[in-house]
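Visitor: Please show me the structure, and then let us go through it by question and answer.

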Amino acid sequence: MVAKLGELLLKAQLVTEEQLEKALTEQKQIGGRLGEHLVRLGYVSEEDILDCLSQQYGVPSINLRHFDIDESIIKLIPADVARKYQFIPVSKSGATITVAMADPTNVFAMDDITFITGYRVEPVVASEEALREAIDRYYGTTHAVEIKKVIDDLAAADDAELEVLEEEEDLDVATLEAGAEEAPVVKLVNLILSDAIRKGASDIHIEPYERSYRVRFRIDGILYEEMSPPIRLKEAVTSRVKILAKLDIAEKRLPQDGRIKLKMRHEGKLKELDFRVSTIPTLHGEKVVLRLLDKENLQLDMTKLGFEKASLKKFEEAILKPYGMVLVTGPTGSGKTNTLYSALSRVNTTDVNIMTAEDPVEFQLQGINQVQMKENIGLNFAAALRSFLRQDPNIVLVGEIRDFETAEIAIKAALTGHLVLSTLHTNDAPSTINRLMNMGIEPFLVATSVHLICAQRLVRRVCKKCKDVEDVPVQALLDIGFSEAEAPTIQVMKGRGCEVCNNTGYKGRVGLFEVMEVTEDIRELILSGASAIELRRKAIEEGMITLRQSGLQKIKEGTTTIAEVVRETVL
């Protein structure tokens with residue numbers, strides 16, 4: 001069979017004898033199919049191999065990457081059988097089922113298909129890599145199959161094995177603990193946590209509803225439904241997470257916050273992971289959200305966050321000043337903390353005293369004095385900031401300016417020889433000025449203390465492995481803000497979807513930044529009570545790159561897509 005494929009490729013002049021010899025040598029050393037080695041070495045394309053295999057076996061070929069399979073067809077063949085023989089059903093016509101296979105001469109596989117489905121089998125040939133991708137796409141990855149098996153086992157278990165208390169009953173903590181320690185529940189929670197790590201999720205949402213129970217993962221800022229455990233397990237799963245986070249499992253009426261620290265082996269490395277746990281009572285039980293804090297994902301190199309060169313230069317100049325205030329703004333989950341940590345690591349030297357007030361402390365940084373806020377005992381941002389000023393600091397980070405008191409102390413600190421870094425929730429950089437004044441801060445204090453404001457958003461990166469050119473009309477590029485001269489020259493990229501990006505076309509995220517420097521002219525506008533629109537107009541006039549312009553630059557570079565930029569920014 002190997003020789004035949006080689007002969008066909010030689011006959012078609014698709015490979016040379018030297019190339020074939022090299023691929024055969026590699027095949028002997030590693031194993032696998034000859035076609036795979038030829039494609040990997042770059043001698044032929046997958047389409048060339050498919051055409052030759054089609055000739056070799058005398059059956060049609062199929063490119064599964066360009067083919068959508070109906071769910072009802074997939075359900076005809078169990079996942080374990082499809083994995084065992086490496087095939088996938090693609091269509092059904094009358095009493096015949098068409099099956100894509102790497103080896104259409106495998107009579108055992110065809111006998112099993114006929115036995116399971118009762119249909120006559122018509123084979124077509126497909127590449128092994130495309131088959132693996134299709135099986136993972138339609139049946140789920142092997143890890144997902146393992147999770148499904150655990151859920152199925154739990155669903156099939158006798159109800160008497162796990163007695164869940166009704167909310168009206170008196171709580172028996174011992175019963176809750178026993179239920180949470182049941183082997184299937186422990187295994188299910190472990191699988192949820194490990195699957196989130198494997199898929200690169202930032203958050204896990206475990207949500208009870210009246211007639212359903214679901215688990216969702218936030219991957220690159222988008223929520224995806226991952227599984228639906230049996231609804232009767234909601235109490236046991238919540239209790240298990242609470243036990244791991246050292247929370248009160250008997251308290252179900254109030255929100256609680258905790259932390260889980262785990263060590264696990266991932267991709268051959270021992271990783272230390274933190275999960276920030278938050279529970280809140282909803283109508284049908286407690287919703288649990290776990291935020292995954294992975295130190296390895298913390299990007300402290302400012303040049304890799306996504307800043308444009310001009311914006312980065314302004315930002316670095318502001319954080320290297322001896323005093324004043326630098327504000328980072330944006331909605332929750334827009335990467336503000338990462339930007340501030342990157343700024344701190346840039347200025348963190350042995351000759352400066354850096355103190356931070358955070359709620360919560362997400363990552364521990366060497367050489368920085370970090371303080372966790374505890375509202376219940378009166379340790380809030382304002383109280384911490386007052387104490388910091390008696391600790392001889394050079395640089396102070398305030399997690400968030402939420403009220404007049406915190407804003408007032410932060411501004412006084414910035415005016416008395418300290419560099420203050422903080423965050424605010426505003427839509428763009430210019431509106432931050434008005435937000436501070438609405439809190440009650442005098443315009444002259446804002447104008448003299450604030451040196452720079454950085455607004456940011458996160459957009460998904462196009463997957464590098466399946467990146468491809470997208471055909472976009474010039475008018476669409478003009479509509480989103482490209483100039484008439486620039487639009488025809490732009491090559492827009494889009495991910496086709498592959499196993500690396502879970503068929504989403506996106507992998508990872510990058511920041512969009514709007515950096516507004518408070519210059520003399522802008523100070524005068526602030527003192528005269530100018531609106532956010534006037535401040536914005538002046539900042540753009542002085543060279544500020546807006547969030548939309550930052551997004552357009554990322555489209556131009558092929559880093560992200562039009563849809564992502566339009567979703568996160570406005571013209």
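Guide: Helices (H or I, at least four residues) and strands (E, at least two) are DSSP runs, numbered from the N terminus. The model is predicted, so that local features need pLDDT of at least 70 and side-chain atom pairs count only at pLDDT 80 or more, whereas totals for chains, interfaces and linings use all residues. Residues are numbered from 1 along each chain as its sequence is written, and side-chain values use heavy atoms, with hydrogens and water left out.

Visitor: Where does D220 lie, and is D220 buried or exposed?

Guide: D220 has a phi near 55 degrees, a positive value in a residue other than glycine. D220 lies in the loop between β5 (213-219) and β6 (222-227). Buried means under 20% relative accessible area, exposed over 50%, and partly exposed in between (1.4 Å probe, protein chains only). The relative accessibility of D220 is 15%, and D220 therefore counts as buried.

Visitor: Is K246 buried or exposed?

Guide: K246, which is not a glycine, has a positive phi of about 60 degrees, and its place is in the loop between α12 (234-244) and β7 (256-266). Because its relative accessibility is 75%, K246 counts as exposed.

Visitor: Which residues does a cis peptide bond join?

Guide: P360 lies in the loop between β11 (354-358) and β12. The peptide bond in question has an omega of about 0 degrees, and the residues that it joins are D359 and P360.

Visitor: How many bridges join β15 to β18?

Guide: Strand β15 (residues 450-462) is joined by 5 bridges to strand β10 (residues 324-329), and these two run parallel; the bridge partner of L327 in β15 is I453, while that of V328 is C454. Strands β15 and β18 run antiparallel, and V462 stands opposite Y506 in β18. The number of bridges that join β15 to β18 is 10.

Visitor: How many of the 13 residues of β15 are buried?

Guide: Strand β15 is described as mostly covered. Its count of buried residues is 12.

Visitor: Why are α20 and α21 described as roughly antiparallel to each other?

Guide: Axes are lines fitted to C-alpha atoms, for helices over the stretch in contact, and angles run from 0 to 180 degrees between N-to-C directions. Angles under 35 degrees count as roughly parallel, over 145 as roughly antiparallel, 65 to 115 as roughly perpendicular and the rest as oblique. Helices α20 (residues 520-527) and α21 (residues 532-541) have axes 10 Å apart, and they pack at an angle of about 170 degrees. The description therefore is roughly antiparallel.

Visitor: What percentage of the 571 residues of the protein chain count as buried?

Guide: The protein chain has 23 helices and 18 strands, and its C-alpha atoms fill a box of roughly 85 × 70 × 45 Å, taken along the principal axes. Of its 571 residues, the percentage that count as buried is 49%.

Terms used: Two strands pair if DSSP finds at least two bridges between them.
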